[in-house]
Amino acid sequence: MLTPAIKALFCAFALSATGLAQAAEPITIKFSHVVAEHTPKGQGALLFKKLVEERLPGKVKVEVYPNSSLFGDGKEMEALLLGDVQIIAPSLAKFEQYTKQVQLFDLPFLFDDIHAVDRFQMSPAGQGLLKSMENKGITGLAYWHNGMKQLSANKPLREPKDARGLKFRVQASAVLEEQFKALRANPRKMSFAEVYQGLQTGVVNGAENPYSNIYSQKMHEVQKYITESNHGVLDYMLITNTKFWNGLPADVKPVLEKIVGEVTTEVNKQAEALNQGDKQRIIDAKTTEIITLTPEQREAWRDAMKPVWKKFEGEIGADLIKAAEAANTPQ
Ligand code: LMR
């Protein structure tokens, strides 16, 4: 027969043992994404895993799921909010349900090049956007570059009228839909995992992506032409679930924040070289002609697409658009 005092002792011991077991259990961070590993985002996710497991051994474990293998881009945001994944990095085109301001990045011909994008992202206005979804439970940790988008199709696109009537795959973005409507082309929203098949079967005739996505998804095998238009940007926001992030132990969160900073620097340093390498691989594959536009031809694309800005100025905010344009001039 156990006396109440001994029973209490047993209970205390059992509780502290459970506590110990819990403390020993590592925090698991699932990082899900939709692209291949040999891309800026794919490499960034792997570097994040490596650094976290080196610096927080036994405390934090990172599982990376590339190529839409856990969640496709239609589902990953919902999964983040439900706590089924802890980090994702959707392209900036995929946030319109959560914040209208981030639509800014989809405006065609807003940024002259990736350096201007970078300057804007680092500015107070750009950094402010990372916090624009906290009331929805989403915290932006950083921007990761992929790069400037190129138009691809199965016919040569030299002038805006060449796109007329063609079906273009677009990400889930109202701005990008309008961009193709402005060319009198037909936009069709489609998740990233379906693009290759969509192009192969003719459900769509063209698309827009940086070279690294085109090459790693083998889109060049089903697209005869790429026009080097650099007409827009495809970058990412690395995001986490606000409640999860704020609930991290005090000896873990600052380490993760530092790692995010280091990985971001590395991704953003490597992204352009990765895209240029994949451009060369596409040239070497000889499947696809890369069309270079004359300055006049590029101007014609700008004139055709830019009216889209006015349609979204109210939702995005004229001041934010101005701040982004200002980033085209280095200070
Ligand atoms: C796309 O859907 O085209 C891109 O957002 C894919 C990606 O994450 O780079």
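**Entry 1: the ligand shell**

I began with the shell around the ligand and sorted its residues by class: five are nonpolar, four are polar and four are charged. I noted at once that I am working on a predicted model.

Next I asked which residues come nearest to the ligand. I found Lys41, Lys94, Arg169, Gln171 and Tyr236, out of 13 residues around the ligand.

**Entry 2: side chains and ligand oxygens**

I then looked up distances from ligand oxygen atoms to side chains. For Lys41, I read 2.7 Å between an N or O atom of its side chain and an oxygen atom of the ligand. For Arg169, I again noted 2.7 Å, from a side-chain N or O atom to a ligand oxygen. For Tyr236, the entry is 2.5 Å, also from a side-chain N or O atom to an oxygen of the ligand.

How much of the ligand's accessible area does the protein cover? I wrote down 100%. On its own, the ligand has 270 Å² of accessible area. I also checked the cavities. The largest cavity is the space taken by the ligand.

**Entry 3: the whole chain**

I stepped back to the chain. I counted 331 residues on record for it, and 50% of them count as buried. Its secondary structure comes to 13 helices and 11 strands. I also looked up the box filled by the C-alpha atoms. Along the principal axes, the box is roughly 90 × 45 × 30 Å.

**Entry 4: Met77**

I picked Met77 from helix H3, which spans residues 76-82. Is Met77 buried or exposed? I noted it as buried, because its relative accessibility is 7% and the cut-off for buried is under 20%.

**Entry 5: Ala300**

I located Ala300 in helix H11, residues 295-305. Why does Ala300 count as partly exposed? Its relative accessibility is 28%. Partly exposed lies between the two cut-offs, under 20% for buried and over 50% for exposed, so Ala300 falls into that class.

Along the chain, 108 residues separate Ala300 and Phe192, and I read 28 Å between their C-alpha atoms.

**Entry 6: recap**

Met77 in my notes is buried, whereas Ala300 is partly exposed.

Terms used. Residues numbered from 1 in each chain as written. Predicted model: local features only at pLDDT ≥ 70, side-chain atom pairs only at ≥ 80, totals over all residues. Heavy atoms only, no water. Near = heavy atom within 4 Å. Polar contact = N/O pair within 3.5 Å; in protein donor to acceptor, adjacent residues only side chain to side chain. Areas by Shrake-Rupley, 256 points an atom, 1.4 Å probe, with all protein chains shown as cover. 1 Å grid on protein atoms, 1.4 Å probe; cavity = no way out; pocket = protein on both sides within 12 Å on 5 of 7 lines; lining within 4 Å. Sits in = over half its atoms within 2 Å of the grid points. Nonpolar A, V, L, I, M, F, W, Y, C, P; charged D, E, K, R; others polar. Helix = DSSP H or I, 4+ residues; strand = E, 2+ residues; numbered from the N terminus. Buried < 20%, exposed > 50% of the residue type's maximum accessible area, 1.4 Å probe, protein only.
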